[in-house]
Amino acid sequence: MRPGAMWGKFPKRSPSGKPAASIGERQRDLLISDFRFYVWRVRRSRLRAELHARIANRVASMMRTGWVVDVGCGPGLLKPHMDSLMKNVRMVGVDIDRRMLAFARTEFGLEVVQGASSNLPIRDEGATMVVSSASIKDWGNPEQGLAEIVRVVKPGGRALIYEFVTKGPASQPKGFALRYGLVSDLLRRMMASLIQFTVDDAHRLARTLKGDVEADVGVETDIGVVRIEIEKHARTPPVVSTSGGMQ
Ligand SMILES: C[S@@+](CC[C@H](N)C(=O)[O-])C[C@H]1O[C@@H](n2cnc3c(N)ncnc32)[C@H](O)[C@@H]1O
């Protein structure tokens, strides 16, 4: 299939029917303002590689085939980790930044589509699974982003949203600089003054979820990351009584 062909068919709409959100939607990560520096840095980051390896392992433990949507995919660094573990899983990256998408497509062959978390360009129940890493803190409206994720996940599917904790408990993992290097440690400290994301923020966001979903919040204390795991319940088929009617 031509890359992107499948996703091209999907209607670009939100449940509210509002037009696509502006590409200038709040993008607070100032460290991304120099694109080339950002990509150069994250490609060398042991911390980012560790996070992506964990996400891929978790996804592999939950699915063998189907479509994964990576919301805020950035330069697509998760793709090689997914490919190394899953041969029958296809992935599409969504990001508001064209440069990120162009890089992810040319460098890693990721299928990509430009769009915002608040208005995902994916059809209802089109994804077996949704992942997102280090992006939700940048979303202008994270509650709407989570609602969109629930909309696009198929019943029985899941979503895994990972974010670095920049403030409060879990924001200062022990031995971090030793394991992940001084640069990562310095950037982690800088992020704390630029963008604040706490474990409580993750709990609060998880509580905003509506519909037939269950959410669990976990903390990966050794890398200072919080994880929101969402399960969308499978629809139970109607029970047919012996007299032939539905109950
Ligand atoms: C820090 S990068 C993380 C990239 C990648 N997920 C990773 O783990 O390396 C955050 C990404 O989220 C994207 N982003 C920010 N706000 C967004 C939004 N509202 N919708 C979609 N993408 C967004 C940015 O353009 C950027 O590529």
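Tutor: Start with contact range. Among contacts in the protein with a separation of 6 or more, 70% join residues 24 or more positions apart. The protein has 9 helices and 7 strands. It has 247 residues, and 37% of them count as buried.

Now the core. The largest nonpolar core holds 55 residues. V68, V69, A127 and V130 have the most contacts inside this core. Strand β5, residues 153–164, supplies the largest share of the core, with 6 residues.

Take V68 as the way in. Leaving out residues up to four places away in sequence, V68 touches V59, M82, V89, M91, A127, T128, M129 and V131. One of these partners, A127, is also listed with V68 among the residues with the most contacts inside the core.

Next, the strand pairing. Strand β1 spans residues 66–71 and pairs with β2 in the parallel sense, over 6 bridges. V69 has V92 as its bridge partner in β2. Strand β2 covers residues 89–95 and is mostly covered, with 5 of its 7 residues buried.

Then the ligand. The residues around the ligand number 24, and G72, G74, D97, S133 and S135 come nearest. By type, this shell divides into 11 nonpolar, 7 polar and 6 charged residues.

For contrast with the core, look at a loop position. T221 sits in the loop between β6 (213–220) and β7 (225–232). Beyond four places in sequence, T221 touches A170 and P173. K174 is 47 residues from T221 in sequence, yet their C-alpha atoms are 8.7 Å apart in space.

Last, confidence. The average pLDDT of the protein is 86, and 84% of the residues score at least 70. Over residues 1–31, pLDDT stays under 50. The model has 37 contacts beyond four places in sequence for that stretch. Where pLDDT is low, the predicted coordinates should not be read in detail.

Key: Residues are numbered from 1 along each chain as its sequence is written. This is a predicted model: local features need pLDDT of at least 70, side-chain atom pairs count only at pLDDT 80 or more; totals for chains, interfaces and linings use all residues. A residue is near a molecule or strand if its C-beta atom, placed from the backbone, lies within 6 Å of it. Ala, Val, Leu, Ile, Met, Phe, Trp, Tyr, Cys and Pro count as nonpolar, Asp, Glu, Lys and Arg as charged, and the others, Gly among them, as polar. Helices (H or I, at least four residues) and strands (E, at least two) are DSSP runs, numbered from the N terminus. A residue is buried if 20 or more other C-beta atoms lie within 10 Å of its own, exposed if 12 or fewer, and partly exposed in between; C-beta atoms are placed from the backbone. Two residues are in contact if their C-beta atoms, placed from the backbone, lie within 7 Å. pLDDT is the predictor's confidence in each residue, from 0 to 100. A nonpolar core is a set of buried Ala, Val, Leu, Ile, Met, Phe, Trp, Tyr and Cys residues joined through C-beta atoms within 7 Å. Two strands pair if DSSP finds at least two bridges between them.
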